[in-house]
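Take a look at the model below. Keep it in view while you read.

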Amino acid sequence: MSQLLTLSRAARLVGITRGALQKKIKDGDLPTFEGMVAPADLLRAYPQTHLEDNTLLEHLAQIKESAFAKRIRERILPDPEVLAVRLAEIGRELAQARAHLARYRVVSTECEQRLVALAERLPADAGKEVGTLRDWLQAELAHTPDQTEHHLLAVKESYMRVMVAHVLVMPSRREFFVEGSDTLLDAALRAGLALNYGCSNGNCGLCKARVVSGQVKKIRNHDYVLNEKDKNSGVVLMCSNTAVNDLVIEAEEAGNVREIPLQQIAARVKVTQRLSDDILLLHLQTPRTRRLRFLAGQYVTLQCGESAPIDYPVASCPCDDRNLQFHVHRMPGNPFIEHVFDGLKCGDTVNILGPRGEFVLREDSPHKLVFIAWDTGFAPIKSLIEHAMALDVAESLHLYWFAADGRSHYLSNLCRSWSDALDNFHFTSIDLPSVAAEDAGRLKPELLRVIQDHPVLRDCDVYVAGAPALLDAARDVLLAQGLPAEQLVLGYPR
């Protein structure tokens with residue numbers, strides 16, 4: 001395996017996050033060549049790698065299953081035709097390698113014969129040196145190399161090429177993997193990319209992409225009709241095609257919140273679940289053809305029955321845009337919330353208008369990520385964290401969750417599971433009296449914990465959501481301690 005590896009593929013091969021790999025590169029411990037790494041350099045940087053051990057990747061997969069509610073529990077093989085093409089491609093490479101090897105054997109035999117003839121014509125001393133060279137050549141050719149980590153890396157890389165396809169998106173140069181029989185669109189959304197799309201069902205044509213190199217296969221029929229110009233230029237619908245082999249595609253991506261359209265969707269209640277005495281999980285599911293396109297951290301307006309509409313941040317990841325989660329805090333006297341707690345049933349309709357808001361992840365930032373939440377301010381923070389995990393580019397993530405007397409750490413087990421499964425995720429829960437939510441002065445000393453853990457704040461992007469007092473305290477304390485103002489992102493007061 002002499003070819004260079006993309007960072008995403010290299011990270012998968014050695015069982016680490018892409019963010020950890022980028023830190024190695026940043027620290028000068030791993031050389032790159034035009035954004036790619038050589039297998040030998042990868043193994044030098046990770047000499048203790050056990051290539052048969054996929055523990056970290058399995059942990060991450062389990063997190064994504066739980067957080068995104070999208071993973072199918074059993075591993076699904078690629079489409080049989082896709083699998084056949086990938087195996088045939090590797091077979092061709094194997095045949096070519098064998099042909100080269102046969103040629104090398106012929107050349108080495110000829111070289112040995114010429115060395116024998118040369119030794120006979122030269123003076124004794126020179127002939128002896130040539131004989132020594134011939135003996136060395138014979139010994140090296142006869143030696144069978146051990147199954148080193150380099151060989152295992154090559155085996156695993158070949159296996160990956162059979163099971164998954166790598167996709168590079170231009171012009172952004174973002175990349176993702178297509179597993180099993182996923183469509184290009186589903187795989188891209190799961191990886192955290194904000195590609196342009198609409199119905200996701202083959203009707204609108206908004207998810208067009210041009211195939212620059214590689215091969216795709218249509219696995220879903222679509223009603224949208226591509227014109228001849230599109231067909232001739234290699235345009236396909238991402239919602240209806242999967243990757244046969246590694247691809248380079250041209251596709252539109254949302255670069256900011258202004259490129260996400262305002263949408264009106266009638267969703268159904270899938271489940272309601274008490275997370276604590278006064279906090280309820282509201283899980284809505286959109287129609288298959290009207291999924292909500294949004295960026296992590298944004299909010300929507302909810303309305304049901306005769307109650308007045310109310311704004312709520314989405315607590316789930318955009319990678320599963322059909323299943324939307326909201327954390328509803330009981331507030332006596334609010335008709336919508338009382339209806340959610342006491343009257344809303346599975347299958348009821350809830351109208352969604354959105355998304356809105358600019359509390360979103362700065363995906364191109366090289367900084368560490370710090371998240372600070374108060375109470376249900378955790379909802380948009382959770383969406384941001386899950387999106388950052390899907391992107392897999394952050395060097396580290398640290399969550400500080402403030403709550404009143406411990407009663408509002410309503411998903412602390414989820415946070416601990418993230419911390420247990422990911423080396424670069426850290427969780428700190430902080431209990432405070434409920435009155436602190438209204439008093440910035442009482443919150444400021446607690447925020448010093450952030451400075452103690454991250455003394456060089458200019459290396460961090462900090463996201464804060466929750467009570468207005470927390471937003472004020474964070475702004476005062478963190479900016480005074482050297483955090484650049486453009487690296488502080490404040491969410492919605494709740």
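The model is a predicted one.

## The antiparallel sheet

Start with the sheet of 6 strands. It is open, and its strands follow the order β13-β12-β15-β10-β11-β14. The pairing is antiparallel. Which strands stand at the edges? They are β13 (310-313) and β14 (323-329). Each has a single partner strand, so one side of each lacks a neighbour in the sheet. From one strand to the next, the twist averages 40°.

What holds strands together in a sheet? Strands pair through backbone hydrogen bonds, either parallel or antiparallel.

Now look at β15 (residues 349-356). It runs antiparallel to β10 (residues 263-274), and 6 bridges join the two. Glutamine 263 has glycine 354 in β15 as its bridge partner. Alanine 267 stands opposite valine 350 in β15. Strand β15 also runs antiparallel to β12, with 4 bridges between them. There, threonine 301 stands opposite leucine 353 of β15.

Helix α11 (residues 378-391) lies across β13 and β14. Helix α11 runs at about 150° to β14.

## The mixed sheet

Another open sheet has 5 strands, in the order β4-β3-β9-β5-β7. Here the pairing is mixed. The edge strands are β4 (174-179) and β7 (235-237).

Strand β5 (residues 208-213) pairs with β7 in the antiparallel sense, over 3 bridges. Lysine 208 stands opposite leucine 237 in β7.

Histidine 166 belongs to strand β3 (residues 164-170). Is histidine 166 buried or exposed? Its relative accessibility is 8%, so it counts as buried; the cut-off for buried is under 20%. The side chain of histidine 166 makes a polar contact of 2.4 Å with the side chain of glutamate 175. Beyond its neighbours within four places in sequence, histidine 166 touches Thr6, Arg9, Glu175, Phe176, Phe177, Asp246 and Leu247.

## Around strand β16

Strand β16 (residues 368-374) holds alanine 373. The relative accessible area of alanine 373 is 0%, so this residue is buried. What does alanine 373 touch, apart from residues up to four places away in sequence? The list is Phe378, Ile381, Tyr400, Trp401, Phe402, Ala465 and Leu470. Alanine 373 and leucine 471 are 98 residues apart along the chain, yet their C-alpha atoms are separated by 9.3 Å.

## Aromatic rings

How many aromatic pairs does a search of the whole structure find? It finds 7. Two of the pairs are set out here.

| Pair | Distance between ring centres | Angle between planes | Type |
|---|---|---|---|
| Phenylalanine 371 and tyrosine 463 | 5.5 Å | 25° | stacked |
| Tryptophan 418 and phenylalanine 425 | 5.4 Å | 80° | edge-to-face |

Why is the pair of phenylalanine 371 and tyrosine 463 stacked? Its planes stand at 25°, and planes under 30 degrees apart count as stacked. Phenylalanine 371 sits in strand β16, and tyrosine 463 in strand β19 (residues 460-466). The two are 92 residues apart, so this pair links distant parts of the chain. Both phenylalanine 371 and tyrosine 463 are buried. Together with Phe359, they form one aromatic cluster.

The planes of tryptophan 418 and phenylalanine 425 are at 80°, so that pair is edge-to-face. Tryptophan 418 is buried, at 0% relative accessibility. Phenylalanine 425 is buried too, at 1%.

The charged end of lysine 24 sits over the ring of tyrosine 46, 5.2 Å from the ring centre.

Definitions and conventions:
Residues are numbered from 1 along each chain as its sequence is written. This is a predicted model: local features need pLDDT of at least 70, side-chain atom pairs count only at pLDDT 80 or more; totals for chains, interfaces and linings use all residues. Side-chain values use heavy atoms; hydrogens and water are left out. Two strands pair if DSSP finds at least two bridges between them. Axes are lines fitted to C-alpha atoms, for helices over the stretch in contact, and angles run from 0 to 180 degrees between N-to-C directions. Contact means heavy atoms within 4.5 Å. Buried means under 20% relative accessible area, exposed over 50%, partly exposed in between (1.4 Å probe, protein chains only). A polar contact is a pair of N or O atoms within 3.5 Å; within protein, one must be able to donate a hydrogen and the other to accept it, and residues adjacent in sequence count only if both atoms are side-chain atoms. Rings of Phe, Tyr and Trp (its six-membered ring) pair if their centres lie within 6.5 Å; planes under 30 degrees apart count as stacked, over 60 as edge-to-face and the rest as tilted. A charge sits over a ring if NZ of Lys or CZ of Arg is within 6 Å of the ring centre and within 35 degrees of the ring normal.
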